[in-house]
Amino acid sequence: FAVMMADMETVRRYCRVSREEEELLSSPVAPIVLLSVLGDRVAPNVAPFVGTLGVMLPYSPVHHLLFKHPELSPEQRPQVLVMTSGNRSEEPIARSNTEAVERLGELADAFLMHNRQIVLAADDSIFRIIGGRPTVLRRSRGLVPGEFKIEGTRRGGAALTGSTASRESESGVCDDRGRHPVVMGAGGDLKNTLAVVKGDEAVPGPHVGDLASPIAQDYFRQSVSVLTGYLETCPEVIAVDPHPEYFSSNLARELNVPVEEVFHHHAHAVSLLFEHGLEGPALFAVFDGTGYGTDGTIWGGEFLVADLESFRREAHLGQFPLPGGEAAIKEPVRILAGLLGGAGTFQEEFFPLVGGHRDRVNLWLEAAAKGMNSPLTSSMGRLFDAAAAAIGFKNRVTFEGEAAMWLEGIADPTELGEYPVRLRHGDPAVIDPEALIVAVAQDMINNARPERAAARFHNSIARMVLVMAEEVSRRIDMSVVGLTGGCFQNKLLTERTEALLKEQGFQVLVHQNIPPNDGGIALGQAVCVRARLAKRHGIESV
């Protein structure tokens with residue numbers, strides 16, 4: 001849960017705050033900022049098992065009344081309030097008083113009503129300082145609608161400027177200013193956003209959220225109407241993910257507009273190229289939890305050489321099973337068992353690491369061996385889950401990324417040790433995930449401190465990126481490396497990886513204004529399709 005604190009003095013009581021973080025908190029955007037926990041603790045169930053707290057300051061009149069109501073004495077006034085979005089899990093936030101009572105009546109003990117109508121629901125924007133830079137993790141309230149100005153991409157240097165989105169249109173509908181068609185990116189199914197690329201403007205829409213529920217899918221349709229209406233245009237081409245079961249893709253196809261498919265991890269890479277005003281090619285480490293791959297399997301630990309239009313898979317994390325499918329995402333010990341038992345047997349020495357699941361391990365391994373409800377994946381997010389389970393995370397995952405956040409939160413930043421990274425050369429090259437998790441498990445069996453093991457795992461992943469960057473650069477003279485995907489919301493991982501790459505002379509691209517997570521997918525999709533169409537129709541400038 002995010003919390004709102006009365007003032008900066010209160011924030012410093014609970015969290016470590018840098019100058020950059022204070023400036024973000026106090027900015028007109030007034031976002032949630034992820035801060036390191038320090039000193040006093042808020043209620044233990046607000047942000048369990050992680051080392052950060054999402055904090056914001058009052059930004060509207062009703063907030064100031066809550067914290068400084070004139071009829072309450074200073075002693076009676078609250079200092080910290082949980083300010084989570086008003087929605088059930090996997091649903092968008094409620095917009096009207098009536099809707100709030102109907103959808104949340106069973107959850108809330110009371111409601112604070114207001115007589116001002118909410119025209120369009122908007123979640124709070126989220127930032128984190130990574131490498132000394134503000135990095136947006138969710139673009140929403142205070143940031144959208146807002147544009148990136150397209151001034152032409154090139155092979156070096158930034159070429160984007162941000163400003164308020166223009167509502168002017170020369171011809172009203174489907175205005176491409178005589179050159180480019182209007183392209184809309186439909187995004188993914190998690191952290192869904194839309195994006196429209198029109199003329200010299202790229203306009204991300206507000207955060208929609210997860211599309212699993214009918215309510216969220218209706219909100220997606222509404223967001224299409226609102227964003228295109230605001231821009232006084234309509235999409236002539238829609239960029240979608242090729243995953244056959246994605247709600248976003250299927251909903252977009254309902255609009256009866258020509259569709260172009262863009263693979264998930266390529267969209268991540270394109271969003272980062274676009275942010276830096278580059279056309280590529282560059283090498284990208286694209287690390288996340290789930291994304292549909294060209295072979296129909298679940299990707300997520302990918303090394304791609306990509307430009308705006310296309311990509312090639314240079315290397316990837318070796319595939320490993322998810323025993324129980326979706327159940328493994330909720331119960332990371334299953335993933336750990338699958339990796340430690342990759343040879344078909346589970347060594348006796350590792351049973352202490354699976355806690356009370358000893359009797360289930362052989363069933364999981366048998367199911368994985370037979371391919372029963374045990375899909376294969378190359379996901380770095382799932383590898384983080386397995387490492388967390390080996391090091392001590394024994395809980396069920398209750399929100400996306402919880403195990404990985406716990407792992408980052410406990411890691412000792414002074415630890416410089418690493419585990420070996422094994423690479424099998426080929427086309428593409430394959431990194432051995434089993435060897436890495438076995439090394440983590442053996443370290444824990446030998447009584448390593450969890451804080452040191454967690455840091456060593458992060459250091460090993462950073463080293464993995466450098467190893468692959470050096471491998472690729474030897475073959476194709478590649479000196480630009482991009483870090484993208486949800487795993488690079490991890491401050492420790494991003495900073496360690498960037499430092500290693502820069503020490504060896506690589507130019508490193510990281511996100512700031514476009515989320516590294518799936519919130520940046522739609523913009524990457526739209527820019528990719530725009531570049532393809534430009535090439536197809538002989539338009540020089542992207």
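1. Strands E11 and E12. Strand E11 pairs with strand E12 (residues 201-204) over four bridges, in the antiparallel sense. This is a predicted model, and the points below should be read with that in mind. E11 and E12 make a hairpin, with two residues between them. Gly199 sits in the turn and has a positive phi of about 60°. Across the pair, Lys198 has Glu201 in E12 as its bridge partner.

2. The other neighbour of E11. Strand E10 (residues 183-185) is also joined to E11, by three bridges, and the two run antiparallel. Here Met184 has Val196 in E11 as its bridge partner. Which residues of E11 point which way? Ala195 and Val197 point one way, while Val196 and Lys198 point the other way. All of them are buried.

3. The whole structure holds nine aromatic pairs. Take Phe263 and Tyr292: their ring centres are 6.4 Å apart and their planes lie at 10°, so this pair is stacked. Phe263 is in the loop between strand E14 (259-261) and helix H7 (264-275), and Tyr292 is in strand E15 (residues 282-292), so the contact ties together parts 29 residues apart in sequence. Phe263 has 23% relative accessibility and counts as partly exposed. Tyr292 has 22% and also counts as partly exposed.

4. Aromatic pairs, an edge-to-face case. The rings of Phe384 and Phe457 have centres 4.9 Å apart and planes at 85°, so the pair is edge-to-face. Phe384 belongs to helix H11 (residues 380-391) and Phe457 to helix H14 (residues 450-476), so the pair ties together parts 73 residues apart in sequence. Are these two residues buried or exposed? Phe384 is buried, with a relative accessible area of 2%. Phe457 is buried as well, at 0% relative accessibility.

5. A ring cluster. Phe263 and Tyr292 come up again here. Ring pairs link these two residues and Phe311 into a cluster.

6. Charges over rings. Two arginines deserve a look. The charged end of Arg141 sits over the ring of Tyr59, 3.7 Å from its centre. Arg313 lies over the face of Trp299, at 3.8 Å from the ring centre.

7. Salt bridges, the link from Glu309 to Lys535. Side chains of opposite charge can pair when their charged atoms come close. The count of salt bridges comes to 35. One of them joins Glu309 and Lys535, whose closest N and O atoms are 3.4 Å apart. This pair links distant parts of the chain, 226 residues apart. Glu309 is in the loop between strand E16 (298-306) and strand E17 (311-317), and Lys535 is in helix H16 (residues 521-536). Glu309 is partly exposed, with a relative accessible area of 25%. Lys535 is exposed, with a relative accessible area of 61%.

8. Salt bridges, the link from Arg475 to Glu314. Arg475 and Glu314 form a salt bridge, with their closest N and O atoms 3.0 Å apart. It too links distant parts of the chain: Arg475 in helix H14 and Glu314 in strand E17, 161 residues apart. How does the cover of the two residues compare? Arg475 counts as partly exposed, because its relative accessibility is 45%. Glu314 counts as buried, because its relative accessibility is 3% and the cut-off is under 20%.

9. A salt-bridge network. Arg334 forms a salt bridge with Glu331, and the closest N and O atoms are 2.9 Å apart. Both residues, Arg334 and Glu331, are buried. Salt bridges that share partners join Glu331, Arg334, Arg360 and Arg396 into one network.

10. A nonpolar patch on the surface. Which residues form the patch? Val101, Phe111 and Met113 do, with about 240 Å² of accessible area together. Met113 lies in the loop between helix H4 (97-104) and strand E6 (126-130). Why does Met113 count as partly exposed? Its relative accessibility is 40%, which falls between the cut-offs of 20% for buried and 50% for exposed.

Conventions
Residues numbered from 1 in each chain as written. Predicted model: local features only at pLDDT ≥ 70, side-chain atom pairs only at ≥ 80, totals over all residues. Heavy atoms only, no water. Patch = residues over 30% accessible without salt bridge, like charges linked within 9 Å, V, L, I, M, F, W, Y side chains within 5 Å. Areas by Shrake-Rupley, 256 points an atom, 1.4 Å probe, with all protein chains shown as cover. Salt bridge = Lys/Arg side-chain N within 4 Å of Asp/Glu carboxyl O. Buried < 20%, exposed > 50% of the residue type's maximum accessible area, 1.4 Å probe, protein only. Pairing = 2+ DSSP bridges. Phe/Tyr/Trp six-rings, centres within 6.5 Å; stacked < 30°, edge-to-face > 60°. Lys NZ or Arg CZ within 6 Å of the ring centre and 35° of its normal.
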